[in-house]
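Please read the following points alongside the sequence and the coordinates. They move from the overall fold to single residues.

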Amino acid sequence: MSSPGRLVEILHNKGELPPEWAPTVAAVDRAHFVPDTFEVADRTVSRSADEAEWRRMVYADLPLITQHNDGRRAADEVAFPTCSTSMPSLMLAMAAVVRDGDAVLEVGTGTGYHAAWLAHRLGGDRTTTIETDKALHDIARDNLARAGLHPHTECGDGLAGVPARAPFDRIIATCTVRDIPYAWVEQTAPGGTILTPWGSSFHSYSFATLTVRDGRATGGFSGRPAFMWARQQRRSYGRIRDWYHGEEGDHSTTTLDPRVLEYDPHARFAVGLRVRDAWPLLCHADDGSDEATYWLFDDARTSWATAEYVPGHASYDIEQHGPRRLWDEAESAYRTWHSQGSPPRDRYRITVTADGQRVSL
């Protein structure tokens with residue numbers, strides 16, 4: 001069976017379908033919000049090539065990538081996803097903040113599927129959604145109309161919100177931000193909630209959930225979401241050769257196993273608070289040696305660093321090039337976190353005021 005009922009069955013069996021959302025998931029056909037060709041799990045699925053497989057994936061609990069590189073990918077560019085219809089169980093985790101009667105602003109319409117859920121449960125008059133990309137906005141609007149749902153749709157800068165429709169009881173972003181706009185705080189009703197994927201170039205796998213009171217928003221971190229970036233704040237993308245051109249950097253050694261920065265989520269979160277505009281890439285050797293090179297790249301494409309992991313060694317070779325010493329920054333951030341007792345991510349609090357954003361223990 002490849003129908004909305006199959007998706008309901010999957011989510012129910014996984015224990016991911018709250019009773020209050022079950023009628024909506026059953027009623028809103030995901031097929032209305034999925035193009036004829038999409039990517040899932042690094043492969044392309046085409047409706048014209050295999051209708052049955054296309055339908056099986058549409059009603060699966062999987063994210064479906066519907067756009068790369070803002071829809072304008074050049075032949076020599078690295079492909080990075082810029083739109084999807086999200087994993088339904090993850091959407092439900094976000095939707096848990098919604099209550100009947102809420103007025104909700106969704107930032108990042110995408111295909112329109114999440115907005116359709118909101119409009120079905122709350123009504124179109126209580127649902128506002130904004131999309132930066134005009135092409136995506138137009139597609140989503142058509143998808144919603146085909147599904148018979150009519151939330152208020154806007155095309156514009158989602159980070160600015162939709163002040164004409166404020167206040168909102170909930171603002172839910174379906175894109176990752178590194179700085180929560182104060183405009184969202186201003187447009188949220190007292191006691192209301194802001195929920196957004198949040199992070200830095202180094203670590204962008206957290207939900208920030210904040211409550212708004214007295215002109216400020218405060219909250220904490222949870223989950224491990226993977227969302228596209230808000231285009232105004234996203235990290236850089238590229239290949240190693242876009243940073244490394246055969247230069248020789250400055251050499252040193254470290255006793256810090258670089259794999260810790262890759263595999264310890266709490267350490268990576270903490271380092272990302274201090275090294276916000278650089279990102280890591282762990283490359284395993286292909287010769288069965290279990291060796292690996294840990295790369296760091298800055299968003300400005302001016303600096304790189306490597307740490308060479310060799311099994312059984314207590315010291316690791318470091319090389320750094322450019323105006324920044326990226327390994328030194330990352331190691332310093334790690335050791336500061338470790339000296340604080342290695343606090344887990346859920347110990348941190350985030351506050352957003354008119355003066356900006358602050359994350360602290």
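1. Throughout this note, two residues are in contact when heavy atoms of theirs lie within 4.5 Å. The model is a predicted one, in which local features need pLDDT of at least 70 and side-chain atom pairs count only at pLDDT 80 or more, whereas totals for chains, interfaces and linings use all residues. Residues are numbered from 1 along each chain as its sequence is written, and side-chain values rest on heavy atoms, with hydrogens and water left out.

2. The protein contains 10 helices and 18 strands, taken as DSSP runs numbered from the N terminus (helices are H or I with at least four residues, strands are E with at least two). For 361 residues, a compact globule would have a radius of gyration near 21 Å, and the 22 Å found for the protein agrees with this; the radius is taken over C-alpha atoms, and the globule rule is 2.2 Å times the number of residues to the power 0.38. Along the principal axes, the C-alpha atoms fill a box of roughly 60 × 55 × 40 Å.

3. Of the 361 residues, 50% count as buried, where buried means under 20% relative accessible area, exposed means over 50%, and partly exposed lies in between (1.4 Å probe, protein chains only). Among contacts between residues at least 6 apart in sequence, 58% join residues at least 24 apart.

4. Strand 4 (residues 81-85) is largely enclosed by the rest of the structure, because four of its five residues are buried. Strand 4 pairs with strand 3 (residues 64-68) in the antiparallel sense over four bridges, pairing being assigned if DSSP finds at least two bridges between two strands. Within this pair, Ile65 stands opposite Ser84 in strand 4.

5. Leaving aside neighbours within four places in sequence, Val177 is in contact with several residues, among them Leu159, Trp184, Trp198, Trp229 and Gln233.

6. A cis peptide bond, with omega of about 5 degrees, joins Ala166 and Pro167, and Pro167 belongs to the loop between strand 7 (152-155) and strand 8. Asp42, in the loop between strand 1 (37-40) and strand 2 (43-46), has a positive phi of about 65 degrees although it is not a glycine, and at 82% relative accessibility Asp42 is exposed. Asp70, in the loop between strand 3 and strand 4, likewise has a positive phi, of about 60 degrees, but Asp70 is buried at 11% relative accessible area.
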